[in-house]
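Q: I have a sequence and a model open side by side. Can you show me how to read them, one feature at a time?

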Amino acid sequence: MSFSFVSPSMRASASDLSISISPLGLVELSDEEFEVHGPRLNRYANHFAWYLGHHWSYRPEAGDQNVTVNYVGTLSRYITNFTFGGGVRFTTDRRYEHIVPALLERIWSTDNDKAQTLWQIGENGGVSGDSFVKVAYEDPWQDPAGNVHPGRVRILPLNSAQCFPEYHPHDRDRLLRFRLRYKFWGTSLEGARMIYSYQEIITDDWVEEYVNDELIDSRPNPLGQIPVVHIRNIAISGSPWGLADIPDVIPLNREYNEKATDISQIINYHAAPVTVILGARASQLEKGPKKVWAGLPKDASVFNLENGIDLTGPLAYLDLLKRAMHETTGVPETALGQVQPISNTSGVALSITYFSLIQRDKLKKTNYTAGLKRINELALRTLFLYEPLTRLYDPDTDGIRTRDDQPLILNPADPAVYRTGCEWPPPLPVDVLVKLNEIQVKLGLGLESKRGALRDLGEAFVDEKLAQIFDERITETKEEGALQFISAEIASIILRLTGLPPEGVESPKPEASGKAGSETAPSGPLPGMPGVGSMDDKSVLSELVTLTAGTKLAQLRNPENQT
């Protein structure tokens, strides 16, 4: 990302206008383009200058210092982290939950870094007001070390100052033409380092690439639509551009820095006070600490110029400016590390404290949700175009089929395949124990299902989680049955060998004698427990003796390697 943090230079020459938006040079704009894009490029440069801490247009004199407190960058980063810090979870149509979620997980988390990509999208929107995202496909390649890198779908946040979209004159959401232009360093054929200009023009039908205004490639657009998404940070009615988070903070931050610098100069002036001498010569007095002056004239007077300015008012004015910056952005003053007493504030009270910021967060998420849905659609279409086999259901990498109407292959012509939703986690901290108690009560009252409970806890793949829980229960049941089986076998062996039932096992009652047809009860050890198979008495007895007495001798792991 490259911006020039000085006032943009403009020139009018014949019929062309240009504006400076990059340290590498000028991006030339025609009269019509300057009329449309010039004001927003100026706005982008000014906003990013303040965001990065370039608050002064002049250098201080030698010995002086300009105080710079970057509340613009701090508040902007806090708002961006408040919105995107918890990430986002995507939902799909129930008929395609066995394929599409795994593909979106691959695109966002494997092919791209989801957290970093979301942060860049939010940062561009929060600072400039407009966030442009391009979806492209990177072919498989092999690096010089021989490592093979598979193809992947790229989600590329673009520099807003390098994007020039052209919309339909009567439809602000219909993108007719997109131009990406920027400068870069390169090496010429003679080996000299030079600055080149790159330009890419994309329409629904064609893609053209230029270097230094020379056409180097022209090809049909295989996707059939412009793979660029424009997200407005806060939509403005009747305008194609968005509103950033920081324009109201910039003038307040400027005033804060200027007044803080004035206070700093006052303190510096009186930290090294001026000595006033009346009725004597300074050359006759020795300067320095622990010095004694004697022999001064009778009417002489020596004193230091004291600070007669009360800084209470200026400091209160700084607090007023800081509070105004918090009120305009909705960020509470306690959110930036202000010392506050520790308390067990409830979630409702915390939500009231952050109510203004939550309202701004909801407003931003309305626009970013629509943009992320469009990004998912373009990413899926790109994946199906370059990797058509991903439309097939693969039980090893995809989800679980839970319904008969879920197809084994996706139909790319079905709009429901690309219909996704965004579920944002709560921006404020959630007490997990309170949430679990709430879910437990709902489950007890029959007001919630296990599937819904897992969704409330933030689980992305619910079916896979339920299947995992079911498999674990089956494994635990088998293990418990095996323990019961072994216990029954051991009890049977003890009963047969000793004739005494183990603790907790009742001895079988002998049949009454003297009745017709009755037989004499066997003497000695009784047979095995009914319903339990036979085991080798000697092996079980040997194992019990080994476990209790520890008579098993040590063995060599590799006896052939021992001398």
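Q: Let me start with one residue. Is A413 buried or exposed, and why?
A: This is a predicted model. Exposed means over 50% relative accessible area. A413 reaches 64%, so A413 counts as exposed.

Q: Where does A413 lie?
A: Look at the loop between α8 (355–386) and β17 (420–423). A413 also has a distance worth checking: its C-alpha atom is 10.0 Å from that of R381, 32 residues apart along the chain.

Q: How do I read a sheet, and what is the order of the strands in the open sheet of 5?
A: Strands of a sheet pair through backbone hydrogen bonds, either parallel or antiparallel. Here the order is β9-β10-β11-β12-β13, and the pairing is antiparallel.

Q: Which strands stand at the edges?
A: β9 (163–168) and β13 (214–220) do. Each has a single partner strand, so one side of each lacks a neighbour in the sheet. On average, neighbouring strands are turned by 15 degrees against each other, direction ignored.

Q: How many bridges join β12 to β13?
A: There are 6, and the two strands run antiparallel. For a residue pair, find V207, which stands opposite R219 in β13.

Q: Now helices. At what angle do α3 and α8 pack?
A: Angles of 65 to 115 degrees count as roughly perpendicular. Helix α3 (residues 100–110) meets α8 at about 95 degrees, with the axes 11 Å apart. The two are therefore roughly perpendicular.

Q: Which residues make the contact?
A: From α3, they include L103, I107 and W108; from α8, L372, I375 and F384 are among them. The contact residues divide into 11 nonpolar, 1 polar and 1 charged.

How values were computed: Residues are numbered from 1 along each chain as its sequence is written. This is a predicted model: local features need pLDDT of at least 70, side-chain atom pairs count only at pLDDT 80 or more; totals for chains, interfaces and linings use all residues. Side-chain values use heavy atoms; hydrogens and water are left out. Helices (H or I, at least four residues) and strands (E, at least two) are DSSP runs, numbered from the N terminus. Buried means under 20% relative accessible area, exposed over 50%, partly exposed in between (1.4 Å probe, protein chains only). Two strands pair if DSSP finds at least two bridges between them. Axes are lines fitted to C-alpha atoms, for helices over the stretch in contact, and angles run from 0 to 180 degrees between N-to-C directions. Angles under 35 degrees count as roughly parallel, over 145 as roughly antiparallel, 65 to 115 as roughly perpendicular and the rest as oblique. Contact means heavy atoms within 4.5 Å. Ala, Val, Leu, Ile, Met, Phe, Trp, Tyr, Cys and Pro count as nonpolar, Asp, Glu, Lys and Arg as charged, and the others, Gly among them, as polar.
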